[in-house]
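Q: Can you walk me through this one? I'd like the sheet before anything else.
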Protein chains: 2
Amino acid sequence: MSTPADTAPAGAVRQASLREINLALLLGRIAVAPRPPSRAELAAATGLTRATVSAVVDDLIGGGLVTEVEPTPRGGAGRPARGLLLAGHGPAGLGLEINVDYLAVCVLDLTGAVRHRAVHRADLRPVSPAETLALAAGLARQARADAHGQGLTLAGAALAVPGLVDADGVVRLAPNLGWREVDVPALLAAHPPLTEAVPGLPTLVVENEANLAALGELHTGDPGTTTFLYVSGEVGIGAGIVLDGTLYRGVRGFSGEIGHLPVHPEGHPCRCGGRGCLETYAGQEAILTAAGLTGADVAGDAVRLARLAAGGDPATLAALAGAGTALGVAVAGVVNLLDLDTVVLGGTYAPLARWLVPPVTAEVSRRVLAAAWSPVTVRPAVLGGDAAAVGAAGSVVRRIIARPTAWLTRAG
Amino acid sequence: MSTPADTAPAGAVRQASLREINLALLLGRIAVAPRPPSRAELAAATGLTRATVSAVVDDLIGGGLVTEVEPTPRGGAGRPARGLLLAGHGPAGLGLEINVDYLAVCVLDLTGAVRHRAVHRADLRPVSPAETLALAAGLARQARADAHGQGLTLAGAALAVPGLVDADGVVRLAPNLGWREVDVPALLAAHPPLTEAVPGLPTLVVENEANLAALGELHTGDPGTTTFLYVSGEVGIGAGIVLDGTLYRGVRGFSGEIGHLPVHPEGHPCRCGGRGCLETYAGQEAILTAAGLTGADVAGDAVRLARLAAGGDPATLAALAGAGTALGVAVAGVVNLLDLDTVVLGGTYAPLARWLVPPVTAEVSRRVLAAAWSPVTVRPAVLGGDAAAVGAAGSVVRRIIARPTAWLTRAG
């Protein structure tokens, strides 16, 4: 009954990775501390000796991961110690998003500050995957040059796509983009590298856009909200499920397809091949059609809808009410199933939240069995339309923080 | 930034609980070992000394938690060591289930063997909660006497109820039973204790029936299936969501209400106050009504339906096809959301699985976006109609195994 893990000689492993563990431990503490901790506070909190803490912190400072600040003067005896915080001048993360009607790019430094951000609006459905990825690579090139000009080094990229992405970065299916079996890493290999190569860190991770947007909300929004459903309303509708601060990915990473929850089982045909999917009632095109805005330019649709709704346009108000009700039916189903207390409306739903939250809340109150004992908050996302790109860049930054040795021991 | 947990003097705690930790560690190893391990194997697997292992194992044997078996003779040098396994003669768990049309009781010993089992069929909707709990207490009394006659001691009870149960054992709402705010522990206090009191172990845990049935499936069914959706079809329909071997309970413990997923948003009114809930299309009464079996005695309905379906009765076959399609619509939604690869049909669905699995599978294939890359198995549950009672008793047994000190240090 003994397993290899039980009996392997662990001593050698421990020895080699001790520095790595301490670097990650202290950097992680510094990253989550509510105010810049001193070396002494880090020693007290971790049980490491002050000498070890100082040596490790010196490595982190030398490698551009941590910086030291003078404390605010205060009363009382003794000189206050200098505080440590994440550096905004070293490695950074590149986030990209490909969606049906836009491309977005974003650079976050280690502190989480946005250092570069751009959105390129275009209907990408008639564009081939290779051409779309070439456009994304162009945006990445500009971002990298801008970051470089600011003294930052891109240490990895994440790309958000509205579809099913497997562990190798192959987009199995993105119905609204018309993608099927698109090998993103292979197609991007035709372009210059998007970022520096840092051994031990992935150069590119491809991930579902709602999942990355949900991570963005987790790390940027209310720190007390660590369990929630993030609904990303675009042309398609995706969801990211965050449970206890962890993204729930499902057995094969294909979770969150809320857009294909049937709200009228034999209703409108859907691009997925099913019928009556939520997307066909509450996706951006369904709302535009219901509001009588067919044939419209895809760019800025949510803003246009919000303007019309604010002006009292009856067709737009009716379209949003209908979409909100359909969304509420699906969300009520999810809450009945998962007993979540927070639902975040993101993507194009965020600027429309004023009109969507009431019908969603009404359906939840009406349909959720536990509503009387387990109230549900429905609210707009903190991040805007490029939430997935911000979340993508943030996921890169978090990987750097989790494995500082990779960055510190890179060549050059 | 240091927290009390960081700085508390841990030495005293460690000292006091070392024996407790070793008892639980070794008992846990013995419980999950594929074949009875020897003392030497336990020492090798845990890193404890042979002397410590022997002392702890002696305590476990002396307390009736573990027993020793002679090994099967084998070739080779040396006398084979005696193996250790869970004892079937010491503490046991009591499981109870209250459902709309039956009460079930079950006793499991530490090895997981069923030592007592009874089902009492009756329509409990006209019966008050207090009277229903009195019936359950009566069944428990018989079970306790029978267990006692077999030399077993009941060391705790769990009660399954088809509804929303809070952490204090109050049934907030069980719509099909007509229960609302029923304080089960308070009502049961009017009866003699169901089991021995063992300080450190709860005497009674009240839990949702689908959750307990899902745990029963987890611990009794295929050991390779640790992530699945368990759907419990009774008069109501509940679900237990098991992720990586852990029951997912939700923010307040109210997860799994699949019966109230809307399958036709403005369809049949439901007892919950909503409309078009799955229960109104695929619950036991909906199936009976669709099969033309109104006014029937509630007892044995699934068996009757199975007999009629096996005989080719067109109305019954059509009713099961319709229910299976509605169930498939809801299950497809859950799989789209959670990316699960196994769906287990339990309760009255188990004997009807032959007719329900095809339409459920058809809807899943048609509606699940990832179906081509992430195949979903839909199968009947391993346990029968009293799965929740078995799962309830099993949950008690697992608590005893997790905290052997409670049992070993009890008075008397």
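A: Two terms to begin with: strands pair if DSSP finds at least two bridges between them, and helices (H or I, at least four residues) and strands (E, at least two) are DSSP runs numbered from the N terminus. This is a predicted model, in which local features need pLDDT of at least 70, side-chain atom pairs count only at pLDDT 80 or more, and totals for chains, interfaces and linings use all residues. Residues are numbered from 1 along each chain as its sequence is written, and chains are lettered from A and ligands numbered from 1 in the order in which they are written.

Q: OK, what is the strand order in the open sheet of chain A?
A: The order is β13-β12-β11-β14-β15 in chain A, five strands with mixed pairing.

Q: How do β14 and β15 of chain A run, parallel or antiparallel?
A: Parallel, with four bridges joining β14 (residues 342-347) to β15 in chain A. Val344(A) has Arg379(A) in β15(A) as its bridge partner.

Q: Which strands does helix α7 of chain A lie across?
A: Helix α7 (residues 209-220) lies across β11 (228-233), β12 (237-243), β13 and β14 of chain A, at about 45° to β12(A). Axes are lines fitted to C-alpha atoms, for helices over the stretch in contact, and angles run from 0 to 180 degrees between N-to-C directions.

Q: Switching topic: how many residues does the contact take from chain A and from chain B?
A: 47 from chain A and 47 from chain B, where contact means C-beta atoms, placed from the backbone, within 7 Å.

Q: And which element gives the most on the chain A side?
A: α11(A), with seven residues on the side of chain A that touches chain B.

Key: Contact = placed C-beta atoms within 7 Å.
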